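Please examine the sequence and the structure shown below. The paragraphs that follow lead through several of the features in turn.

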Amino acid sequence: MPDDKTFSAQIREKFITRLKFAEQNITINKIIVVTHVPCLEVLITRKPHDHNWSRGTPFFGNLSSEADILNCTKVTHVVSAHTHIAIDTIIKKYNRKIRCINIGGDYSRPATVILEL
(Lines give C-alpha, C1' and ligand atoms only; values in the text may rest on other atoms or scores of the structure.)
Protein backbone atom coordinates (compact mmCIF):
# COMPACT_ATOMS: atom_id res chain seq x y z
CA MET A 1 0.00 0.00 0.00
CA PRO A 2 1.48 3.39 -0.98
CA ASP A 3 2.04 6.17 1.53
CA ASP A 4 -0.17 9.30 1.39
CA LYS A 5 2.14 11.35 -0.86
CA THR A 6 2.60 8.51 -3.35
CA PHE A 7 -1.13 7.77 -3.44
CA SER A 8 -1.93 11.46 -3.89
CA ALA A 9 0.54 11.72 -6.79
CA GLN A 10 -0.98 8.66 -8.47
CA ILE A 11 -4.52 9.99 -8.16
CA ARG A 12 -3.45 13.46 -9.32
CA GLU A 13 -1.73 12.05 -12.41
CA LYS A 14 -4.86 10.12 -13.43
CA PHE A 15 -7.10 13.11 -12.75
CA ILE A 16 -4.92 15.53 -14.77
CA THR A 17 -4.77 13.04 -17.66
CA ARG A 18 -8.59 12.91 -17.76
CA LEU A 19 -8.86 16.70 -17.39
CA LYS A 20 -6.46 17.31 -20.29
CA PHE A 21 -8.30 14.78 -22.45
CA ALA A 22 -11.59 16.58 -21.83
CA GLU A 23 -9.96 19.97 -22.48
CA GLN A 24 -8.66 18.78 -25.86
CA ASN A 25 -11.85 16.95 -26.89
CA ILE A 26 -13.74 19.18 -29.34
CA THR A 27 -17.06 17.51 -28.47
CA ILE A 28 -16.81 18.70 -24.84
CA ASN A 29 -17.46 22.38 -24.24
CA LYS A 30 -17.91 22.51 -20.44
CA ILE A 31 -16.20 20.68 -17.61
CA ILE A 32 -17.55 20.44 -14.07
CA VAL A 33 -14.96 19.27 -11.55
CA VAL A 34 -16.53 17.42 -8.61
CA THR A 35 -14.40 16.19 -5.73
CA HIS A 36 -15.23 14.96 -2.25
CA VAL A 37 -12.64 17.18 -0.58
CA PRO A 38 -11.86 20.73 -1.74
CA CYS A 39 -9.24 21.02 -4.47
CA LEU A 40 -9.06 24.83 -4.54
CA GLU A 41 -7.76 27.16 -1.83
CA VAL A 42 -10.89 29.31 -2.11
CA LEU A 43 -12.98 26.33 -0.92
CA ILE A 44 -10.96 25.73 2.24
CA THR A 45 -11.89 27.54 5.44
CA ARG A 46 -8.83 28.47 7.46
CA LYS A 47 -8.99 29.20 11.18
CA PRO A 48 -5.38 30.03 12.13
CA HIS A 49 -6.21 30.75 15.79
CA ASP A 50 -8.04 27.44 16.28
CA HIS A 51 -5.36 24.79 16.86
CA ASN A 52 -7.71 21.80 16.54
CA TRP A 53 -9.18 23.11 13.27
CA SER A 54 -5.76 23.98 11.85
CA ARG A 55 -4.42 20.52 12.68
CA GLY A 56 -7.09 18.97 10.45
CA THR A 57 -6.90 21.48 7.59
CA PRO A 58 -4.21 19.56 5.64
CA PHE A 59 -6.67 16.66 5.38
CA PHE A 60 -9.45 18.86 3.96
CA GLY A 61 -8.10 18.94 0.44
CA ASN A 62 -5.34 18.28 -2.01
CA LEU A 63 -4.38 21.56 -3.63
CA SER A 64 -1.75 20.11 -5.95
CA SER A 65 -4.14 20.23 -8.93
CA GLU A 66 -5.43 23.79 -8.39
CA ALA A 67 -3.35 25.44 -11.15
CA ASP A 68 -4.23 22.70 -13.65
CA ILE A 69 -7.94 23.06 -12.90
CA LEU A 70 -7.95 26.85 -13.10
CA ASN A 71 -5.91 26.86 -16.32
CA CYS A 72 -8.32 24.46 -18.02
CA THR A 73 -10.40 26.81 -20.18
CA LYS A 74 -13.46 24.54 -20.24
CA VAL A 75 -13.88 24.31 -16.44
CA THR A 76 -17.02 26.24 -15.50
CA HIS A 77 -17.72 24.83 -12.01
CA VAL A 78 -15.79 23.20 -9.17
CA VAL A 79 -17.89 21.46 -6.50
CA SER A 80 -16.81 19.73 -3.29
CA ALA A 81 -18.16 19.15 0.20
CA HIS A 82 -16.00 17.42 2.82
CA THR A 83 -15.59 20.32 5.26
CA HIS A 84 -19.37 20.82 5.77
CA ILE A 85 -18.91 24.60 5.41
CA ALA A 86 -21.02 26.23 2.71
CA ILE A 87 -19.07 28.35 0.24
CA ASP A 88 -20.35 29.67 -3.08
CA THR A 89 -18.03 32.05 -4.87
CA ILE A 90 -16.80 33.02 -8.31
CA ILE A 91 -13.18 33.02 -9.45
CA LYS A 92 -12.35 35.18 -12.45
CA LYS A 93 -9.63 33.66 -14.60
CA TYR A 94 -8.58 34.75 -18.09
CA ASN A 95 -11.78 36.67 -18.88
CA ARG A 96 -14.04 33.85 -17.69
CA LYS A 97 -15.80 32.94 -14.47
CA ILE A 98 -15.56 29.67 -12.56
CA ARG A 99 -18.24 29.02 -9.96
CA CYS A 100 -16.73 27.34 -6.90
CA ILE A 101 -19.03 25.62 -4.43
CA ASN A 102 -18.43 23.75 -1.21
CA ILE A 103 -21.66 22.06 -0.15
CA GLY A 104 -22.43 22.91 3.46
CA GLY A 105 -24.45 19.89 4.53
CA ASP A 106 -23.74 17.85 7.61
CA TYR A 107 -24.49 14.33 8.83
CA SER A 108 -27.85 15.30 10.33
CA ARG A 109 -28.49 18.06 7.78
CA PRO A 110 -27.82 16.87 4.22
CA ALA A 111 -27.59 19.49 1.47
CA THR A 112 -27.62 19.62 -2.29
CA VAL A 113 -26.82 22.16 -4.97
CA ILE A 114 -28.44 22.67 -8.34
CA LEU A 115 -26.29 23.87 -11.21
CA GLU A 116 -27.91 25.66 -14.09
CA LEU A 117 -25.76 25.12 -17.14
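A search of the whole structure finds 0 disulfides, a disulfide being a pair of cysteine sulfur atoms within 2.5 Å. In general, a disulfide is a covalent bond between the sulfur atoms of two cysteines. C72 is buried, with a relative accessible area of 4%, and C100 is buried at 0%. Here, buried means under 20% relative accessible area, exposed means over 50%, and partly exposed lies in between (1.4 Å probe, protein chains only).

The model is predicted: local features need pLDDT of at least 70, side-chain atom pairs count only at pLDDT 80 or more, and totals for chains, interfaces and linings use all residues. Residues are numbered from 1 along each chain as its sequence is written, and side-chain values use heavy atoms, with hydrogens and water left out.

An open sheet of 4 strands has the order 1-2-4-3, with mixed pairing; strands (E, at least two residues) are DSSP runs, as are helices (H or I, at least four residues), both numbered from the N terminus. Strand 1 and strand 3 (87-93) stand at the edges with a single partner strand each, so one side of each is left without a neighbour in the sheet. Two strands pair if DSSP finds at least two bridges between them. Strand 3 and strand 4 (residues 96-102) pair in the antiparallel sense over 7 bridges. Among the residues involved, D88 has I101 in strand 4 as its bridge partner.

The structure also holds 3 salt bridges, each a side-chain nitrogen of Lys or Arg within 4 Å of a carboxyl oxygen of Asp or Glu. D88 forms one of them with R99, the closest N and O atoms being 2.6 Å apart. D88 lies in strand 3 and R99 in strand 4, so the pair ties together parts that are 11 residues apart in sequence. D88 is partly exposed at 48% relative accessible area, and R99 is partly exposed at 26%.

Another salt bridge joins D68 and R12, whose closest N and O atoms are 2.3 Å apart. This pair links distant parts of the chain, with D68 in helix 3 (residues 66-71) and R12 in helix 1 (residues 4-24), 56 residues apart.
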